[in-house]
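Welcome! Take a moment to look over the structure, and then read on for a short tour.

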Amino acid sequence: MEQVVVQTKPKAGRIRSFLRELKRDRQLLVLMLPAVLHVLIFCYIPIYGITIAFRNYRIGDPYFALGAAARWIGVQNFLDFFKSIYFSRLVTNTLLLNVLTLVFTFWVPIAFALLLNEIASKRYKRVVQSFSYLPYFVSAVIIVSITLNILSPDGVINNAIQALGGRSTYFIGKAVYFRPIYILLNVWKTFGWNAIIYLAAIAGVQQDLYSAARVDGANRWQQMSYITLPSIMPTIILLLILNVGTLFASNTELILLIANPNNMDVSDVIGTYVYRMGVVEGRFPYATAVGFFAAVANFILLWTVNYVVRKKTDEGLW
Amino acid sequence: MSRTNPNAIRSNRTANFLIYALCGIIAFVTVYPFLYMLSMSISSPDEVVKKTIVLLPKGLSFLSYELIVQNTQMWRAFGNSVLYTAAGTLSNIVMSLLIAYPLAKPKLVARRFFTVFLIVPMYFTGGLIPSFILMHTLGLYNNIWAVIIPSMASIWNIIIARTFIKSLPYSLQESALVDGASEFRILFQIIVPLSKPVMAVIGLYTAVGIWNDWFTALLYLPNSNLHPLQMFIARLLVFNYSSIDPGSRLKLDSAVTQTGVITQMKYSVVMVTTLPILLLYPFLQKYFVKGVMIGSLKE
């Protein structure tokens with residue numbers, strides 16, 4: 001409605017009414033200024049900074065540069081990355097780690113929420129749930145410290161293995177254990193927190209559906225699989241789409257803590273490579289290009305999955 | 001009908017038992033590492049060396065805590081963390097409310113532009129390196145402001161605050177406007193007192209985020225005197241770059257006790273770092289869940 005009115009006005013009138021609104025809201029605009037500037041500087045300027053991937057940028061060069069001063073080099077950095085011996089290893093490691101993590105971290109909160117929903121005692125339910133998301137609030141550093149400790153050669157796990165007659169294993173020093181450790185940490189840290197959204201969805205299911213099903217003789221299992229699960233399916237699909245849109249991203253912060261020279265072959269992902277190339281070695285344009293590649297790949301994945309899901313089920317992000 | 005069938009009742013009982021037991025196991029697995037850390041830190045040092053502690057503490061000794069408390073490096077890192085967390089959280093609450101109030105107005109000028117302006121960075125960011133170079137360019141490298149300034153506002157918090165303020169009755173603002181109150185006065189005398197719950201949500205989200213952050217320090221703070229507690233612990237326990245000085249008092253004890261206490265100091269540092277989170281946990285639970293609910297209502 002409003003739009004139609006605006007469009008029929010002559011252009012000069014539209015500008016004049018915009019200026020009038022600007023004047024009317026001047027106090028509000030002043031209030032907004034600090035946060036707007038913050039977002040502009042710390043979110044938008046780095047987006048512009050992606051142009052560094054296409055420039056022969058050296059530290060000390062101006063951030064903003066136009067024309068010849070920018071020393072444009074086109075897509076050379078991207079080609080270098082695609083041709084690099086690291087390319088296939090990084091893409092494989094990143095995708096494999098993320099897909100495996102998704103496979104395990106995705107269903108656990110759903111199963112946990114369904115399980116909690118079956119508990120009649122409200123108090124017991126609350127206590128279990130309170131415990132379940134404690135790890136979410138504890139920092140990555142602390143969680144990794146505890147893990148390194150528990151898994152160390154004289155840690156509690158190896159003590160138990162030795163007590164049972166087995167041989168002590170140096171878990172952190174072996175590449176094969178990197179993925180299981182990373183996945184377990186993620187499941188442990190996030191399952192309780194991620195279950196909150198499913199529990200909220202379950203709480204929103206109409207209760208008379210259950211009483212009707214009980215009258216028809218449906219048991220608990222049937223009630224869960226024919227009422228609860230279908231009711232929270234839109235939530236599940238939404239979260240799945242969002243998760244697929246991060247398959248090329250890396251939890252660099254966590255991986256850097258667990259990575260070591262022994263597990264480098266499997267722990268080196270795009271995020272840690274960007275950190276190493278850029279922050280450690282100072283190859284800024286190249287590292288920017290690698291990071292941008294991951295961001296674009298994520299966006300394409302997100303768009304594609306959303307498109308496919310929407311064609312099939314009518315559910316989707318947009 | 002299942003209600004009258006004794007077999008069904010029995011299988012229901014078994015199912016109930018299994019469900020309760022499984023949930024109990026899950027709860028135990030989530031808290032076990034913390035319990036283990038606590039037990040290790042307060043047991044007697046000799047038991048720590050003998051590796052007899054599995055779940056509950058054996059013996060009782062607070063020696064490692066006494067030594068930790070005397071450690072100046074730990075206190076400096078603790079102080080840095082408190083400073084970064086307090087400064088970032090307070091300014092984040094203020095900045096979020098300042099922008100959320102105008103955004104919640106039904107007829108703000110160019111409100112569609114501002115909405116898009118805030119949504120774009122949620123889907124697309126410049127990434128690590130462009131931000132890193134920007135911080136260098138701004139002269140924030142090796143400067144405590146490198147930790148504080150970026151944490152002073154966040155889009156997620158802005159959206160949560162806006163959604164909350166939008167849910168307050170607009171008539172409150174309207175009548176004040178009619179009475180000739182300035183927007184500034186309406187915000188501080190009407191909106192802010194009503195926004196305490198959302199301020200708690202934003203404050204706790206931000207505080208936990210800053211308190212737990214070590215990566216910003218890794219990127220921007222090469223000077224270890226500026227390191228927050230998490231970076232201090234990462235260097236001490238994960239990367240083994242630094243060791244903790246047990247002080248001179250320990251020399252009086254036996255070699256076994258010394259080894260035990262030095263091991264225990266690592267656990268005590270972890271406990272000291274996690275303690276603020278554990279103390280805040282009842283509030284965290286309440287307000288974080290509230291935050292998730294407000295956040296999921298966004299249009």
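## A phenylalanine between two chains

In this predicted model, Phe137(A) touches Trp193(A) within its own chain, and from chain B it meets Val208(B), Asn212(B), Ile277(B), Tyr281(B), Leu284(B) and Phe288(B), leaving aside residues up to four places away in sequence. To find Phe137(A), look in the loop that runs between α6 (122-132) and α7 (140-151) of chain A.

Is Phe137(A) buried or exposed? Its relative accessibility is 1%, so Phe137(A) counts as buried, because the cut-off for buried is under 20%.

## The interface as a whole

Now step back to the contact between the two chains. Chain B brings 94 residues to it and chain A brings 82 residues. Together they bury an area of about 7,700 Å², and carbon and sulfur atoms give 78% of that. How many salt bridges does the rule find across the interface of chain B and chain A? The count is 0.

## A buried threonine in chain B

Next, turn to Thr273(B), which sits in helix α14 (residues 255-296) of chain B. Thr273(B) has a relative accessibility of 1% and therefore counts as buried.

What does Thr273(B) touch, not counting residues up to four places away in sequence? Its contacts are Ile142(A) from chain A, along with Trp211(B), Leu229(B), Gln230(B) and Ile233(B) from chain B.

## Helix α6 of chain B

Helix α6 of chain B spans residues 128-137, and its buried residues are Ile129(B), Pro130(B), Phe132(B), Ile133(B), Leu134(B) and Met135(B). These buried residues pack against helices of both chains: α3 (26-49), α14 (270-280) and α15 (284-313) of chain A, and α7 (145-148) and α12 (215-220) of chain B.

Just past the end of α6(B) comes Gly139(B), whose phi is positive, at about 75°.

## Two helices crossing in chain A

Finally, here is a pair of helices within chain A. Helix α10 (residues 207-215) of chain A packs with helix α11 (residues 220-244) of chain A at an angle of about 145°, and their axes are 11 Å apart. The crossing of α10(A) and α11(A) is right-handed.

Which residues make this contact? From α10(A) they are Leu209(A), Tyr210(A), Ala213(A) and Arg214(A), while α11(A) supplies Gln223(A), Ile227(A) and Thr228(A). By type, the residues of this contact comprise 4 nonpolar, 2 polar and 1 charged.

Note on methods. Residues numbered from 1 in each chain as written. Chains lettered and ligands numbered in written order. Predicted model: local features only at pLDDT ≥ 70, side-chain atom pairs only at ≥ 80, totals over all residues. Heavy atoms only, no water. Axes fitted to C-alpha atoms, helices over the stretch in contact; angles between N-to-C directions. Helix = DSSP H or I, 4+ residues; strand = E, 2+ residues; numbered from the N terminus. Left-handed = near helix turned anticlockwise from the far one by under 90°. Contact = heavy atoms within 4.5 Å. Nonpolar A, V, L, I, M, F, W, Y, C, P; charged D, E, K, R; others polar. Buried < 20%, exposed > 50% of the residue type's maximum accessible area, 1.4 Å probe, protein only. Buried area = accessible area lost by both parts, 1.4 Å probe. Salt bridge = Lys/Arg side-chain N within 4 Å of Asp/Glu carboxyl O.
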